[in-house]
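I opened my notebook to look through this protein with a few plain questions in mind. Come along and check each entry against the structure.

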Amino acid sequence: MDVDLAGAIAAVAAAVPEREAVVHGDRRRTYREFVDEANRFARVLHERGLGLHRERPELAGYESGQDHLALYLHNGIEFLEANVGAFAARVAPFNVNYRYVDDELVALFADQRARAVVFHSTFAPVVERIAARLPHLEHLFQVADGSGAALARGAVWYHEVIAGLPADPPPVRPSPDDLYVLCTGGTTGTPKGVLWRQADLFVAALGGMSTRTRAEFTSLAELAEEAELKGGKRNLATAPFMHGAAQWTALTTLTHGNTVIVTPGTGSFDPAAVWATVERERVTLVQVVGDSFVRPLLDALDDQDVDSLRIVNNGGAVLSVTAKQRILERLPGRLIVDGLGSSEAGPIGNHMTSDDATTTEFTLGPFGCVLAEGLDRVLDEGDPSVGWLTTRGRIPLGYLNDPERTARTFPVIDGVRYAVAGDRGRYRPDGTVELLGRDAVTINTGGEKVFAEEVEEALLAHPSVADVVVCGRPSERWGNEVVAVVSLRPGASADPDDLRRVAGRSLARYKLPKQIVFRDRVQRSPAGKADYAWARAQAEAADPAAAPAADPSDRRR
C-alpha cells in the first residue's frame with residue numbers, strides 16, 4: 001500500500017483522537033486537535049491557490065509540480081502542524097536553516113521557488129528583507145513567539161488566519177506521489193532539496209512497516225489498528241526539526257500514534273531542559289545527533305528521574321564508541337540505536353546495543369550494499385575493498401532542479417537504481433560494514449586517504465576532549481596535512497602529544513593530526529553537524545610552527 005503522509009496521520013487521529021500528538025512545554029495538542037489545525041492551515045493554502053499543478057508521471061525525478069512552502073521556524077507545534085497542513089493541501093513544505101544569512105536564504109528560497117513561508121516572529125526583519133528580493137514569495141504567515149516582534153510587512157498572523165475555519169481538509173485528494181522535500185545542510189556543498197515521494201519516505205525512513213507482520217502496511221485500517229494498540233510512546237527530538245533526523249523522528253512518531261515531545265522554548269540546545277522534560281513528560285525515546293549532543297547531555301545528567309527512558313536514538317552524525325560507553329555507564333540497560341544514512345538515501349543500516357559498546361560497525365538494511373569505487377558494480381559481501389555505502393528500493397527521486405547531480409547520486413547499475421549517500425565504507429569479515437566517513441571531507445595526505453570521522457572518533461577517546469572537528473590544510477610536504485580543532489571539557493587539560501598518544505592506539509601514524517588547534521568551543525550547526533569550513537579557517541589561521549617536527553618514521557612518498 002502506498003500512502004500519503006496527511007492521510008496516514010489522519011487515519012491515526014481517527015483511531016486515537018484524544019491521545020496527545022504534540023507537547024511543547026505547557027501547550028498540548030491531541031491528535032484530533034492537531035489534525036483539525038493542520039486541516040485549517042491546508043484550507044488557507046488551498047484558498048490562496050497553492051497546491052499541485054502537474055502530476056508526478058509528467059515530471060522528471062528532479063522536477064516538482066507543486067507549490068513550495070518554506071518552514072522558517074524553531075521547534076514547536078506550528079512546525080509540524082504547518083508541515084502536515086501543507087501535505088493535506090498538496091503543497092510541498094521544505095525546511096529552512098534559521099542560521100542562514102540573507103544571501104543564503106534568498107538562494108534557497110529561489111531554488112525552491114517558494115511561494116509561501118511560515119516563520120517565527122523573531123525572523124520577521126529577515127523575512128521583510130528577503131521577500132523584497134523574491135518575486136515568487138507571495139504569502140507570509142507569521143507565528144508569534146514571545147519575542148515581541150511586530151508583524152512583518154505583507155504578512156498575516158498564522159493563528160488569526162486559521163481561526164474559525166472548518167476543520168475538514170480542503171477539496172483536494174493528496175497522492176502518495178506528492179513530494180516530501182528535505183533540504184540538505186550544505187555541510188560539504190551547496191544546499192539542495194532532496195525530493196522524496198511521500199509513500200517512499202514513509203516506508204524507507206518513517207518505519208512504515210507493521211511490527212506484527214514485518215511487512216509494509218496493506219491498508220490504512222491496519223496502520224490505524226497498530227497505532228491504537230502499540231502507540232502511546234513519548235519521543236523527544238533534541239535537534240531542530242529543520243534537521244532531517246529530528247523531522248523524521250517527529251513524523252515517525254505521528255504516523256504511529258505516539259507523542260512528539262518538544263523541549264520548552266525556541267532557543268538553542270539546553271541539556272538541562274532536555275532532562276527536565278524527560279522527567280516531567282515521562283519520555284521513552286530521546287533522539288540525538290552524535291557526540292556533540294550526547295556529551296553535554298551526559299554532563300548535565302544529575303539526579304533527575306529518567307527511568308521512563310528506554311531508547312537513545314542517534315542519527316545524522318557519528319556517535320563514538322566512547323560516547324556509547326558513557327551512555328551505558330550512566331543509563332544501564334538502555335537501547336542505543338545508531339543509524340547510518342543520509343537525506344539522499346534514507347536509512348542504510350544501523351547498530352543497536354544495550355550492553356556492548358565496543359564497536360561502531362553497522363548492520364545493513366535489506367536493501368543496503370556497498371558499491372565499487374567506480375559506481376559500476378555491487379561488491380560481494382566478503383569483498384574488503386573500500387567503496388560507497390548505498391541502498392536501493394524506496395529511495396528519493398532526485399535533487400530539485402539539478403539533473404546532473406541527480407544522475408551522479410542515483411546511478412543505475414544493471415537496471416537497478418541506487419542512492420549513493422557520499423559515505424565511504426567496507427565490509428567486515430562478519431558481514432557488517434565499517435563506516436569510514438564522508439568522501440567530501442576525506443583528506444588526501446601524501447597519497448594516503450584519511451577519513452576525518454575516524455580521526456575525530458580516535459581523539460574523542462581522550463577523557464579531556466569535549467568536541468573535535470578534523471580537516472585538511474595545505475602542506476608543502478604532503479599536499480594536505482591532517483589538523484584537528486579541539487575543545488576541552490570544562491576544567492580539563494591535555495597537551496597535543498597526549499592527545500596524539502591516545503589517538504595512536506587506534507590510528508596509523510600518518511593519520512594522526514600534524515597540529516592540534518585548541519578553541520573554547522567547536523562550531524557546529526544547530527543540528528550538530530560539523531562546520532568544516534570554519535574548521536579549515538581555524539587550521540589555516542594557526543601557526544604551523546607550533547606543530548611538532550616531522551616524524552622520521554612517517555616515510556610516505
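Below are my entries, going from the overall picture to the core and then to one helix.

**Entry 1: the whole protein**

I started by noting that this is a predicted model. I then looked up the secondary structure, which comes to 16 helices and 27 strands. For the extent, I took the box filled by the C-alpha atoms along the principal axes, and it is roughly 75 × 55 × 50 Å.

Next I wanted to know how the radius of gyration fits a compact globule. With 557 residues, such a globule would have a value near 24 Å, and the protein has 23 Å, so the two agree.

I also looked at burial and surface. Of the 557 residues, 58% count as buried. The protein exposes about 22300 Å², and carbon and sulfur atoms supply 49% of that area.

**Entry 2: the nonpolar core**

In soluble globular proteins, nonpolar side chains tend to be buried together. With that in mind, I went to the largest nonpolar core and asked which members touch the most other members. The core has 109 residues, and the answer is Phe41 and Val118.

Is Val118 buried or exposed? Its relative accessible area is 0%, under the 20% cut-off, so I wrote it down as buried.

I then listed the contacts of Val118, leaving aside neighbours within four places in sequence. They are Phe41, Leu69, Ala70, Leu71, Tyr72, Leu73, Ala82, Phe141, Val143 and Tyr158. For Val143, I noted that it lies 25 residues from Val118 along the chain, with 7.2 Å between the C-alpha atoms.

With sequence neighbours set aside in the same way, Phe41 is in contact with Leu69, Ala82, Val118, Phe141, Tyr158 and Ile162.

**Entry 3: helix 16**

I finished with helix 16, residues 532-541, and asked which of its residues are buried. I found Tyr532, Trp534, Ala535, Gln538 and Ala539. They cover an arc of only 155 degrees around the axis, so they sit on the same side of helix 16.

What do these buried residues pack against? I noted helix 14 (452-460), strand 25 (465-475), strand 26 (479-488) and strand 27 (515-518).

One more detail went in for the start of helix 16: a side-chain oxygen of Asp531 comes to within 3.4 Å of the backbone nitrogen of Ala533.

Methods
Residues are numbered from 1 along each chain as its sequence is written. This is a predicted model: local features need pLDDT of at least 70, side-chain atom pairs count only at pLDDT 80 or more; totals for chains, interfaces and linings use all residues. Side-chain values use heavy atoms; hydrogens and water are left out. A nonpolar core is a set of buried Ala, Val, Leu, Ile, Met, Phe, Trp, Tyr and Cys residues joined through side-chain atoms within 4.5 Å. Buried means under 20% relative accessible area, exposed over 50%, partly exposed in between (1.4 Å probe, protein chains only). Contact means heavy atoms within 4.5 Å. Helices (H or I, at least four residues) and strands (E, at least two) are DSSP runs, numbered from the N terminus. The arc is that of the directions from the helix axis to the C-beta atoms. A polar contact is a pair of N or O atoms within 3.5 Å; within protein, one must be able to donate a hydrogen and the other to accept it, and residues adjacent in sequence count only if both atoms are side-chain atoms. The radius of gyration is taken over C-alpha atoms; the globule rule is 2.2 Å times the number of residues to the power 0.38. Accessible areas come from the Shrake-Rupley method with a 1.4 Å probe; for residues, only the protein chains shown count as cover.
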